[in-house]
Structure formats: structure tokens, C-alpha cells
Amino acid sequence: MFGGIDEVDWASLAHAYGPADDVPHMLFGLASADPAERETALDGMYGAVHHQGDVYDSTLACIPFLIELVANPAVQDRGGIVELLTSIGGIDLDGDDELDPEDEEFEYAANYAMASSAVTAGADVFLALVDAEDRGVRLTAPLALATLHDDPELVLGLLRERLGVEPDAEVRFACVEAAGRIALRHQRLAPEVVEWLTGLTRAPYHPGLRLAALAQLARCAPDALPADVVPGVTGLLRELRAEPVAASPAAESADPGAESVGPGAERAAPVAEPVGPCAESVGSCTESVGSRAEPAAPATEPVPERPSTPTLLGRLREMHEADRAGRGAPWTADLLRTLHSGLGDRVDDRIALLADQLCSPDWGQRIDAVRMSSGLLRTWRGAYDELVGLIGEQLADPEKRLADAAADALGELFGLAAPAADALADRVAADPGAWVREWESGPPTLGSALAALARAGDRRAVPVLARTLERPEAPHDLGYALDHLGAAAASLAPALRHRLGEIELDERLYDRAGPLLYGLTALRAADAVPEVLRVLRGAPDYRGEWVAESALRALTAFGPGAREAVPELRELLRCVGVGSGFSASLAARTAGALWAIEGDAEPVLPVLRAALSGTDSGARRSAARALGALGPAGGEASGALGDLLRSAEPWTRVDGAIALWRVTGDHGRAWPVLLTAWESLPNTRVPIAECLAELTAEGAERILRDELAAVRRHNAIDGGYGSHDIFTDEKLLALCRRALTRERTA
């Protein structure tokens, strides 16, 4: 094995962290008899050779040796190597991905294409793995074949044949998933796959397999789903909760809809009646065909214990194993996630399905439902009161993982968590020990339930937050929670002031003062001016400008109530440009604070105009926002603001256009820029909508109505999300309604 590995000049090749001379050691590690060494080697491959999905020249050089490892039955844990090869070779480059050889991305695209070709060329090795003794190999081989083999007809036939004899439940689901992958990649085979999957949903198979077939139909042919898919799926879930009835292995060997898949192969007949509520809603086989038997629950082979390794891969494996511990049929989570993804914008159907899951006696199904509800709420708009209330009910569950998941999910909802507010308040009252979370490294933070209650704007959080301020170290995020409590949290201002006044003015100042300043800003606590000025004066060199920005933001929010800060702010403005250490951006923020406090444009306009004429985009944006607050008083800067409309940086154009509109009262030049940004850069919609809630523009009504009619959240992205995405989108919707009301009455 590894013939020719020494002939590769690994040191001349590269991976994510430099020369690839350590790659042979990783390859030999993959073949080790020691499971910890194998896992460490695989972690290294993902961490360096295939870092974040990238393909380097060293990755290409590894492919022949990885295929050799997969082909050797003496190598253990080959399933992990199969997954690695599937990832390396499975990047599809369509016409939109073709790059010019002169483009700096060309080398990466070329590497992806070469990796795909190299793995595909050796993909016959996966054919022999579908009946391997190692369950991990059988589990990964179907998707590898569907993704990489250049004869999809052969692969599809092999998958259908394998389904009839495979004893392991999750491997069977992998075969069905691979068929769905083939349908997506090879449109000519999609009708055959859909017909087969549809047959599986109607046949008397184990409910898990029928659920897997429905999930893949949702993924590759959602129009082929039955109209009553929700009651059908809930029926399957009820069947899965029932005790399995033993039966002959023959009961699971049928492949309805499968024709002959090889020499001498014969189509097997169904041998069981469908059971449970799903039999009617999804369909059933009604003709009498031979002898009948109850369907057996397909077994899942036990996974051997593995030693812990200090690797990311090992940590993820342990987390996965811990999550599945004590659960019945944990694989339903993956099937249901696939189903939900395929249902897409059928929000009402998805809510109904999740509501049924949340009422399940199986806590495992409920924890899956909580997590999937988070994905639904983050991505799609809908009427969620009932669903949120059901999530709230999970807070009282004795299974800690479920209760914690519910609290985390509610924490992302902010105002939408209101239907669960009573349940949150009960959870907070019942468990004072969870008010604050301690971490091995880093400052303490609010517990999930308390944070969710505060973010929902419920005043019952206030006395508990006051108690957390009595701790030797206050929760790091406490101040940020106050933004959503408003005047209800005014009683906390004295304690925040006291905390801020005691903070040492050292290099940790930003981390400790930032949340307190934010909280005082949210409360408009003008009495805290002395403490804020102390921090502003004492800002250290390290992150000192960040501290100053937070302090200036607070003074701006205090407005006329911060009048005692005027002399100091004026002195700061006089020092700009003579060694004060102030950036142009900070100078603009200082000018904005001074205007908010005393409303005098004369001392601030020169500073703001100077910032607009500079090259610092951050300073120009800060100055534009400050000028927008001046309104007509900033009119003499309109020419410089107009210049921002030609900026190459889109956010600078947006800030400039909003400010120009506010200072001139004329939307003529600004509106086309804002309209373009609205349509091409969804994240600009909130500040634009804030402007439209105050000012009128021709054509605004159309985009406002379109936004309110859209089902998908404006900031939803595939594969990622932010903690405030739901809050920001709901804010956009509220602004659109307000702006539309204004348009009607204008």
C-alpha cells in the first residue's frame, strides 16, 4: 500500500497551513490500527488538506492514496475516508462557475474540476462497498456513488437492489437519499426515481423507510408529494413511537416498483399490510399478494465505542453521540430536516407538522421539533403563536436537553416569544441557579430563559436582572437585554451607573464597559453622564476608540439631558487634527453627539464636512448619519453628500442618499440609489424603511407591499444565520407597515 508515496515532492505542495510535508504522516495515520490515531489523521485531513472544503495541489496528490485506502478491506473506519473523498470530488462546477484563466480564482476552480475528475475516475471502488461488512462503509457508499460515479443508471439499479437486502435501517435510508441525489443531478432519471420513491411511500414497509421516501420526494420532486402529506407524516411518527413487532426478515426485502436489476433478478412482492394512521393518508397496497406479515422494524447496528481524541472531529463525534443517547429512532431528525427543507415555503404545513411533533410523548421527537422550529422561524414569516406556545411548554420538561433547547430557541425570537412569556417566567422563577451561565473561559452571561424573557420585553425579567447586577461580576450581555425592555427597566439605571463608575480604566475596559454603556444608552439614563465622561476620558490605547464610540453613542442618546458634557465634547472637537488620537470617524461621532445635546449646527458642520471629504469610508458614513440627524440644518453639506452617491461602497451610497434626502427634503437624487440598494442588497432595507416611515417617495408603495407579501425573511441565507435575524426582519415588517400607512395618508 502507498506505492509511490515517497516519490511525491510533498514539501513543494501546499495545504491550508503551508508546506504539505506532513501529509504522508496523515495518510499512514488513516491506515493505523489505533482508532485514536485514525481519527486524528482524518481530522488533520479536514483541517489542512481539505480545509473548509478547499482543494489544494496536495489534496489532488492525496486522491490516489485515499482511493487505495478505501479499496483495502483491512483498513478500518473506511467510511470516514469515503466521506472525505465524496467531499473532495463532489463539488459541481456548472457554467456559472467557469472562470477566465486570468482570474485569481481560476486556480481554485481548476483544482475543484481536477479533483472531481480524479475521484470520478476511481469511483468504481465504491461499487464493491455497498455490501461491505463495515456498517460505516455501507452507510457512506451510496451517497459517494450517487455523487461521483459516471454511470447513474448502474448506481440506481444497485441502490434499489441493495435496499431489498440491507439489514441496517440507516443504511437503507442512505440508499433512498442517494436516489434522491441522482434525481437532482440527472434529470433524465428523475421520473424513474420519483416513481420508485412514490411506490415506497405506499408500500407496507417500516414507517422509517416510508418517511425517508417522503423526505426525498420533498427534496427532488415536491409536487409529487401527496396533498395530505402532514397527516401522513404524523401518522408515520406515531407508528415509530409504537413498539416494533418482530417479523421475518422477508417482510423487509420487497422493493415495490423495482424492475429486474441484474441477471436472474426477480421483482419481489410486498409482504405486509401498512399499519397506523399513515396507511390511509399516504396510500397503501390494497391487492392481495401472497402471504401477509407485520412489518419488522429494521435494525440499526450498534456503533462501537471509540476513544476520545483532542480533535475537532472527535469533539463533534462525541457531541453527536451525546445528542443521540437515550433516544428512540434518532435518525428521524435527519429525515424530517430533509422533508422540511423540501416543503420550503409551505409554512402552514410545516407549522402543523412541528406542532404535532411538539405534542409527541417522545421527548426525542420534541427536541427535534424545537430545533427545526428555529430553522423555520429564522427563514420564513408566518403565524407562529401556537408553535411558540408549544415550544414554551417544553421548558418544564424534566429532560434538560429539551428544556435548554426550548430556551435557546425562544431567545432568538425576541418579541415573537410573547406567547411563551408565562412559561419563560415560570422557568426563570423555578431555577435561580440558571439565571447566569458561567464559562470556563470568558465572562458570565445571562441564562437562556432569562435572556429570552428580557428580549421578549417582559417586565418580569427586571427584578431578576437586578439580582444579577449584585453579583461580583455582572453578566456580560446584561446591558444588551435592556434594549428590549425600555422604560420597564429604568429602575436598573442606578446599578448600571454604579458598576460603570467602579470599572478600572485598563485594557479590559471595552469588554467590561461596553455592555453597561449599551444598557445606559437603551435606558436613555442621562443621570449617568459623569460615569460616561469618566470612561471617555480614561479610554486606554487598546480598543480605546471602541470605548469612545460606545460612550459617544450613550451621550447622543441622552440628548439635551447630557448638557454637562458639552464643554468636553467641544474641547474634543477643537483637538481634532492636533495629536488628539481621534480618527475622522470618531470626530464625526463626537460632532453628532454635540448636535444631539445642544442642537447647534455651527460647531459641528465643519467637522462633518471634513469627514465627508476624506478617504476613510467609515468616517464618511458616520458623518453622513450625523448630517441626516441635522436635517435641514445640514443643508450646506448637500453637495458633499451628493458625492457619496457615486461611491464604490454600497453602504456609503445608502447612508449618503438617506442623509441627502433628510437635509434637502428632496428625494429626487436619493431615491433611485435607495431603490437600487433595496432590490440588490436586502440588508439595507431596514435603514431605508426607517427613512420611508418619515418621508414620501414615488414608487415606495410598491416595494413596501411586495415586502409585506413576501414569505421568506429578507435576511435569510442558506447555511448561516445571525442571532438577531428574526428581530431585524420583524423590525423591517413593522417599519413597512408604518411607512405604508403614512403613504396612504400623505
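**Helix α6 and beyond**

A: Helix α6 covers residues 135-148, 14 residues in all, and runs 20 Å from its first C-alpha to its last, close to the 20 Å expected at 1.5 Å a residue. That expected span is 1.5 Å times one less than the number of residues. Helices here are DSSP runs (H or I, at least four residues), strands likewise (E, at least two), and both are numbered from the N terminus. Bear in mind that this is a predicted model: local features need pLDDT of at least 70, side-chain atom pairs count only at pLDDT 80 or more, and totals for chains, interfaces and linings use all residues. Residues are numbered from 1 along each chain as its sequence is written, and side-chain values use heavy atoms, with hydrogens and water left out.

Q: Okay, and where does α6 bend?

A: At A141, by about 30°, and a proline, P142, follows within four residues. The bend is the angle between axes fitted to the seven residues ending at a position and the seven starting there.

Q: Why is α6 described as largely enclosed by the rest of the structure?

A: Because 11 of its 14 residues are buried. Buried means under 20% relative accessible area, exposed means over 50%, and partly exposed is in between (1.4 Å probe, protein chains only). Among the buried ones are R135, R138, A141 and P142.

Q: What caps the N-terminal end of α6?

A: D134 does, with a side-chain oxygen 2.8 Å from the backbone nitrogen of G136.

Q: Switching to charges: how many salt bridges does the structure hold?

A: It holds 42. A salt bridge here is a side-chain nitrogen of Lys or Arg within 4 Å of a carboxyl oxygen of Asp or Glu. In general, side chains of opposite charge can pair when their charged atoms come close.

Q: Which residue forms a salt bridge with D511?

A: R543, with the closest N and O atoms 3.0 Å apart. D511 lies in helix α24 (residues 509-523) and R543 in the loop between α25 (529-537) and α26 (544-558), so the pair ties together parts that are 32 residues apart in sequence. D511 is partly exposed at 35% relative accessible area, and R543 is also partly exposed, at 28%.

Q: What about R574, which partner does its side chain meet?

A: E571, in a salt bridge of 2.7 Å, N to O. Both residues sit in helix α27 (residues 566-575), 3 residues apart, about one turn of the helix. R574 counts as exposed at 56% relative accessibility, while E571 is partly exposed at 37%.

Q: Now the nonpolar side of things. Which residues make the nonpolar surface patch?

A: L312, L316 and M319 make one of about 310 Å². Patches use residues with over 30% relative accessible area and no salt bridge, joining like charges within 9 Å and nonpolar side chains (Val, Leu, Ile, Met, Phe, Trp, Tyr) within 5 Å. The accessible areas come from the Shrake-Rupley method with a 1.4 Å probe, and for residues only the protein chains shown count as cover. M319 sits in helix α13 (residues 312-324) and is partly exposed, at 44%.

Q: Last stop, R646: buried or exposed?

A: Exposed, with a relative accessible area of 62%. R646 is in the loop between α31 (638-644) and α32 (650-664), and a polar contact of 2.8 Å joins its side chain to that of D643. A polar contact is a pair of N or O atoms within 3.5 Å; within protein, one must be able to donate a hydrogen and the other to accept it, and residues adjacent in sequence count only if both atoms are side-chain atoms.
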